[in-house]
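Welcome, and please have your viewer ready. We will go from stop to stop, selecting a few residues each time.

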Amino acid sequence: MSALLEVKHLNVDLNLPAGMLHAVRDVSFSVQKGKTLSLVGESGCGKSMIALAIMGLLPPSGICHAEKIAFEGDDLLKMDEKKLSTFRGARMAMIFQEPMTSLDPCYTIGNQLVEALTEHKKVSAKEAKERAVFLLEKVGITGSSSRLKQYPHQLSGGLRQRIMIAMGLMCGPSLIIADEPTTALDVTIQAQIMELLSSIQQEFNMGMILITHDLGVVSRVADDVVIMYCGQVVETGNINEIFNNPIHPYTRGLMECIPVPGKTKPGEKLGSIPGIVPTPIGDLWGCSFRNRCSLAKQECATRGLELTKISDKRSFRCVIPPVETTE
Amino acid sequence: MLIYTLKRLGLAVIVMITVSLISFMLLRVSGDPAISLAGEGASNEEIEFVRVQYGFDRPLIIQYYEWAGRALHGDLGNSPYLNQPVAQMIRERMGVTVILGVSALSFAMILSIPLGILAAIRPNTWIDRIALSISVMGQAMPSFWFGLILIIFFGVHLRWLPISGSDSWQHFVMPTIALGYYATPAIMRLVRSGMIEVLASDHIRTARAKGLRWPRILFKHTLRNAIIPVVAVAAVQLGFMLGGSIVIESIFALNGLGNLAWVSISRSDLPVVQAIVLFLSITYIILTFLADLLNAFLDPRIRSS
Amino acid sequence: MTPAETQQQFDSGLGLEVVFPTPGQIMRQRMLTHKGFIIGGLMVLIIFLVAIFAPYIAGHDPYHQDLSIRMIPPVWSEAGSWEHPLGTDSMGRDYLARLAYGARISLFIGFSCMAIAAVIGISLGLIAGYFGGVADMIVSFIITVRLALPAVLVAIAVVALIGGSIQVVVMVLGCLIWDRFAVILRATTQQIRAMDYVQAAQAAGCSVIWLMAREIMPNLFNSIVIVATLEIGRAILLEAALSFLGMGVQPPTPSWGLMISEGKDMMLFDPYLVTIPGVALFFLVLGMNLFGDGLRDVTSPEGRS
C-alpha cells in the first residue's frame with residue numbers, strides 16, 4: 001500500500017537572534033490511508049513545526065530542508081506557493097490548538113465554511129451551504145441552518161473546534177493534521193472531540209496525523225506512534241509496541257508518568273523525568289536526552305547517533321541495546 | 001444593536017450639553033464681554049448700559065439657559081458687529097470648511113491606507129521605510145508652514161495653482177494637502193501596525209491553512225479586522241481638521257468657518273465665537289457617534305455587547 | 001582527562017550552554033543600533049546645545065533693531081555676508097541670533113506645556129485605570145468632552161481675551177493637550193492593574209498608595225516618557241501655530257512661529273524669512289518624534305517587525 005504522506009529526512013531550522021535553532025532534526029515517517037500516526041513529545045520538541053513544514057506554513061524565520069515530502073505521490077517541496085495553496089484545505093487540512101482565536105470574528109460561521117469550499121471547487125452557493133449543513137451535523141452540531149448565521153464569539157470553545165473540524169472537511173481531504181486539537185478544551189469535551197475525530201477519520205477513510213503531548217489520547221486513537229524529543233525522533237513503533245515494550249529511556253520515562261488502570265497500584269508514586277529540555281541551538285551531537293537519562297554513559301556523547309531500525313516501522317535512537325521487559 | 005445605539009446617542013447628548021456649557025462659561029469668564037462690546041475708551045456708564053442691555057448682569061447659569069434655549073431653536077444670536085444673525089453667517093461659510101475638511105481627510109486616507117497596507121506586507125523593505133519616513137516627516141511639519149511652502153513652490157514658482165480664494169476646485173488643492181498631510185501619519189501607522197498584528201493572528205493562519213489565496217486573505221480577512229480602530233481615528237482627525245482649519249483658511253484666504261472664527265476673535269465678537277465653538281463641537285460629536293455605528297457594523301462583537 | 005573535563009565534554013553538543021540575553025542587554029543593544037533613536041536623540045541634543053550656547057552662537061542681540069541693515073539675505077545669496085550668516089529681518093535684527101534664542105523659547109514652551117499636561121493627564125489616567133468603575137466613567141467622560149472641544153480655537157479665544165504671553169500660552173496649552181497622556185496612562189494602568197503580581201500584592205493587604213507607587217508607577221515610566229516626547233513636539237507645533245496667528249508669544253520675543261508670521265508678507269520675494277524658522281521647527285519636532293518612536297521600539301518587548 002503506497003503511503004498517503006511520506007516524509008524523508010526533514011530538517012527545520014529557525015533563524016533566531018540568539019542563534020540557529022534546530023527545531024526539527026532528521027525526521028522521517030509515513031502515514032497510511034485510513035490510519036492515524038501520532039507525533040508525541042513535550043512542548044517545544046518540534047512536532048508543530050513538522051506539521052507547518054508539511055503544509056508550507058512555516059514562519060518567515062523558518063528554513064526547511066528535506067529529502068522528500070511526498071503527498072499522494074506529489075513532492076510538496078518542489079511546488080511553488082500557488083500550487084501548494086491548491087492542496088491546502090482541499091486535499092490536506094489542518095486543525096489547530098486554539099479554537100477561540102482561530103476563526104475570523106467579523107464573518108459568520110456559514111461564510112467561513114462556504115469559503116473553504118468555494119475557494120477550491122466551482123460549486124454554487126446553495127450547494128456549498130448544503131455541504132456545510134451536512135458537515136455540521138456530522139460533527140455533532142444541532143440546528144445547523146441557524147448556526148450558519150452565527151458569529152464565532154457567540155459559540156463555546158468546544159463548538160468552535162467542531163466547526164474547525166467541519167471546515168477542514170469541506171473539500172473532502174485525504175489527510176488531516178490535528179495539532180493538539182483538544183489541549184485548550186475542558187476535559188469532558190476533550191474526550192468527545194477525540195472520538196469525533198476518530199469516527200470521522202474512519203468514516204471518510206482519511207489519514208490522520210495527531211500531534212499531542214497527551215499519552216492518554218494517543219493510546220485510544222493512534223495506530224502508529226513517533227516519539228520525539230528535542231527535535232529528533234527517539235522511537236517509533238505501533239501503538240502496542242510502544243505502550244507494552246518501550247525501548248528508549250525517554251519513552252520508558254513517559255510511560256512511568258501516566259497512571260495505567262489495572263497496573264498502577266493505589267498510592268503508588270508516578271514517575272517523573274528530572275531536568276529540563278535543552279534548547280537545540282548551535283552545534284549539536286550525540287543523544288539529546290543524556291543529561292536527564294539515568295542510564296547515560298560516555299558513549300552517549302558520540303557524534304552521529306543514528307536510528308537503529310528493528311523493522312520498517314520499529315526503530316529507536318539509543319546506544320544501549322533494547323532490554324526485553326517482563327510484561 | 002438598538003441598545004448600543006441608544007447608549008451611544010445618550011452619551012453624545014450629554015457630551016454636547018457639557019461642551020456647550022463649558023464653551024459658554026469659558027468665554028464669558030475669561031474677559032468681561034461688556035467691556036469688549038462697549039469698545040475701547042468707553043466710559044463706565046456706557047459699559048454698564050451694555051451690560052444690562054445684553055443681560056450680562058444676570059447669573060451665568062441663567063444666561064446659559066437662555067442662550068441654549070435659543071440655540072435649540074436655531075437662533076444663535078446676532079453679531080453685534082455685522083448686525084447679522086449668527087446662524088446665517090455660519091450657514092454661509094460652513095460649506096467651505098466642510099469641503100476642506102472632507103477633502104483633507106479623503107486625501108489622508110487615500111495616501112495612508114494603501115501605504116500602510118504595503119508597508120505591512122513588506123516590513124523593513126524600502127517601501128516600508130518610505131512609508132515610515134512620510135509618516136515621521138508629516139508629524140513634524142507645522143501645517144501652516146507647509147501651506148506657505150506649497151504656496152511659494154506651486155503657486156508662485158510653478159504657477160500651477162491659485163494661492164487664495166475659493167472659487168474653483170483648484171483653489172482647494174493646496175489647502176487640502178496642507179491640512180490633510182498632518183493626519184496621514186497617524187492613520188498610516190495605525191493601518192500598518194493593525195495589519196501586521198492581524199497578519200500574525202491565528203485566524204489568518206487558519207485562512208492560509210484553508211488554502212485561500214493572498215488577495216482574499218488580505219482584503220477580506222486582514223483589512224476588515226485592521227480597519228476597525230482606523231474608523232475611530234479618522235473621525236477624530238476629521239473633527240480636528242474642522243477645528244484646526246483656522247490656520248489654513250487664513251493662509252489661503254478661504255472664507256470658511258475658521259476664518260470667521262479668527263476674525264470674530266480679533267474683534268471680540270463673542271456670539272459668533274461661541275456659536276462656532278458649539279457648531280464644531282456638535283459636528284465632532286456627531287462624527288464620533290457615526291464612527292461608533294460604523295464600528296458596530298464592522299465588528300460583530302461590538303453589536304452583541 | 002580530568003573528571004571535570006570529561007563532564008564538560010559530555011555536556012557540550014547539547015545546546016545547554018546557550019545563554020539568552022537579559023531584557024536589559026537586549027534593550028541596550030537595540031539602543032545602540034536603532035537609527036531613529038540615535039539620530040533623533042542627536043537632533044534634539046543639537047537644538048539643546050544651540051539653546052544653551054545661544055549667546056555665543058548668535059554674536060548679535062536678537063532684539064536689537066537697525067533699520068539700516070534690514071532685509072539682508074543669508075550668506076548663500078549674492079548680497080549676503082558672514083556678518084549675518086542667516087541674514088536680517090524686516091527690522092534689521094540678526095536672524096541667526098533670533099533663531100538661536102528662539103530655540104530657548106520653543107524648548108521651554110515644549111517642556112513646560114508637556115509638564116502641565118503630564119500632571120493632569122497622568123493623574124486622570126491613573127485614577128481611571130486603577131479604580132475603574134465610576135471613576136473610569138467620569139474620567140472617560142471628561143476626556144471625551146475635552147476631545148470634542150476644538151482645542152486650537154478655544155486656545156486662541158482664551159488668549160485673545162486674556163492677552164498673549166509665554167506664561168499664558170504655556171498655561172492654556174498645558175490645560176488643553178493632556179488627552180493623550182490620560183488615554184494612554186489609563187490603558188496601561190488597566191493592563192498593569194490586572195496583572196497577577198499586583199493582584200497578589202493587593203490580596204496581601206498593601207495600601208492603595210503603596211501599590212500605586214511601588215508596583216504600578218515604575219511600569220508606567222516607559223509609556224510616560226514615550227508620550228512625553230511626542231507631546232513636546234505637539235506643544236511646540238501648537239505654540240508655533242498660535243504665535244503665527246498672533247495669539248501666542250508676543251513680539252519682539254523671537255518665537256519661531258512668530259518669525260514665520262512676520263516674514264509671511266515678504267515671503268514671495270524673500271522666502272528665507274519663512275523657510276529658515278520653519279526648517280528649525282521641523283528639525284526639532286522631527287528629532288523629538290524620531291527619539292520618541294525609537295524609544296518605543298527599543299523598550300517594547302516585541303520590537304517593530
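Over all chains, the structure holds 34 salt bridges, each a side-chain nitrogen of Lys or Arg within 4 Å of a carboxyl oxygen of Asp or Glu. You are looking at a predicted model, in which local features need pLDDT of at least 70 and side-chain atom pairs count only at pLDDT 80 or more, while totals for chains, interfaces and linings use all residues. Residues are numbered from 1 along each chain as its sequence is written, chains are lettered from A and ligands numbered from 1 in the order in which they are written, and side-chain values use heavy atoms, with hydrogens and water left out.

**Stop 1: chain A**

Select Lys47(A) and Glu180(A), whose side chains form a salt bridge with N and O 3.4 Å apart. Lys47(A) sits in helix H1 (residues 47–55), and Glu180(A) in the loop between strand S8 (175–179) and helix H7 (187–204), 133 residues apart. Helices (H or I, at least four residues) and strands (E, at least two) are DSSP runs, numbered from the N terminus. Both Lys47(A) and Glu180(A) are buried; buried means under 20% relative accessible area, exposed over 50%, and partly exposed in between (1.4 Å probe, protein chains only).

**Stop 2: chain B**

Next, pick Asp292(B) and Arg8(B), a salt bridge at 2.8 Å, N to O. This pair links helix H14 to helix H1 of chain B across 284 residues. Arg8(B) counts as partly exposed because its relative accessibility is 29%.

**Stop 3: chain C**

Now show Arg186(C) and Asp136(C), which meet in a salt bridge of 2.7 Å, N to O. Arg186(C) is in helix H9 (residues 179–193) and Asp136(C) in helix H6 (residues 133–148), so the pair ties together parts 50 residues apart in sequence. Arg186(C) has 24% relative accessibility and therefore counts as partly exposed, whereas Asp136(C), at 13%, counts as buried.

**Stop 4: where chains B and C meet**

Finally, display chains B and C together. Here 45 residues of chain B are in contact with 41 residues of chain C, contact meaning heavy atoms within 4.5 Å. Between these two chains there is one salt bridge: zoom in on Asp293(C) and Arg189(B), whose closest N and O atoms are 2.6 Å apart. On the side of chain B that touches chain C, H1(B) gives the most, with nine residues.
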